[in-house]
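Here is a short report on selected features of one protein model. Please keep the sequence and the structure in view while reading.

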Amino acid sequence: MPNIRLPEPGRPYVLVEPSGEQQMADIDRSLIIDLYKAHGALLFRGFGVDVSDFRNFTQALCPTHVVNEIGGRLPIEPEHNIHTAASGVGAFPLHSELSREPWKPDVAFFGCLSAPTRGGTTTICDGIELARAMPEEVRQALMGRRLLYMVAAWPELLQFWLGDSNPSDERLRNPPPWCPFQFDRSDGIVVRYFSRPVLHRPMFSDELAFANFLLFARFKLNLRDYPLLDDGKPVPEPWLQAIKAAGDQVAAEVVWQAGDMLMLDNTRFMHGRTPITDASERRIVTFFGFLDFAVPDPEEPPNALWRQGNFRPPVPPHMRTRTLEAQGATGPSH
């Protein structure tokens, strides 16, 4: 039995440490699942996790995965979806991984192969606590509202989901049941879109949480019109500032130690990072997957493709360019 320290003020994750010579493989699976369902964030420390341990642990819990193609994530074991964390040295606002897509992963794993001397901490935020912490008038304004993720489609995406790179209006109006998008054509441009509640219930909780892409889009990408509210209007700036302030209030930093592994419920927790002082010191690996004990979001299509096999949807042309540029760099910045 490992040593378990449950979350406390200022530390929103369960701290799991070995008892004696215990290894990661010795931890009872049912214990991990119970802690994960109850708390949503687990930090395994003192087990000396390496890439092999990281692979075995993630593969044992996730039969399928999805690759995040952007951000200069370089391959470590691409056949097992193990890549570096996003490149660069700048800070990242809080976000749920790939929440800009309908196939947001159930879980996000991070493993520390080499810890930075200073800077480069990972910030995490319990979306349930953020929803509680935001001003009541903002919370009430967001109740029942949805975020609309709308972007221009491209031929490969249309071919992938509709079986036609140049579909008719009839085909756009009637996508197949496994397609997670709706489509529209305006002035000759086809757009694909989907929406999700601003405040939603995570996979293993009945409480409302705020865990999506909105803060990253606004405070990292400086996008004021993506995602939009369900009425097609931007989220008001005062609401954004209030949500960010609440997130900053309840977020906590994970100060990495070599061999750490962090497991986050991506439907409940958001994560980010502080500025990186020395990129050569910080080596973080990632895995984003779909759990074998998941309770899928009822808004997912039936038999969602991402739960049937390792999922690699078409990448937008501008993201492909960024990925190729990052892979052509002289070395990973992790």
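In this predicted model, four strands form an open sheet in the order 11-12-10-13, with antiparallel pairing. Strand 11 (182-186) and strand 13 (228-229) are the edge strands, and each pairs on one side only. Strand 13 joins strand 10 (residues 146-152) through 2 bridges, in the antiparallel sense. Within that pairing, Leu228 of strand 13 is the bridge partner of Leu148.

Now the cysteines. How many disulfides does a search of the whole structure find? The search returns 0. A disulfide is a covalent bond between the sulfur atoms of two cysteines. Cys112 counts as buried because its relative accessibility is 1%, and the cut-off for buried is under 20%. Cys179 has 9% relative accessibility, so Cys179 is buried by that cut-off too.

Next, Thr58. This residue sits in helix 2 (residues 51-61). Is Thr58 buried or exposed? Its relative accessibility is 0%, so Thr58 counts as buried.

| Side chain | Backbone oxygen | Distance |
|---|---|---|
| Thr58 | Phe54 | 2.9 Å |
| Thr58 | Arg55 | 3.1 Å |

Which residues does Thr58 contact once its neighbours within four places in sequence are left aside? They are Phe109 and Phe287.

Conventions. Residues numbered from 1 in each chain as written. Predicted model: local features only at pLDDT ≥ 70, side-chain atom pairs only at ≥ 80, totals over all residues. Heavy atoms only, no water. Pairing = 2+ DSSP bridges. Disulfide = S-S within 2.5 Å. Buried < 20%, exposed > 50% of the residue type's maximum accessible area, 1.4 Å probe, protein only. Polar contact = N/O pair within 3.5 Å; in protein donor to acceptor, adjacent residues only side chain to side chain. Contact = heavy atoms within 4.5 Å.
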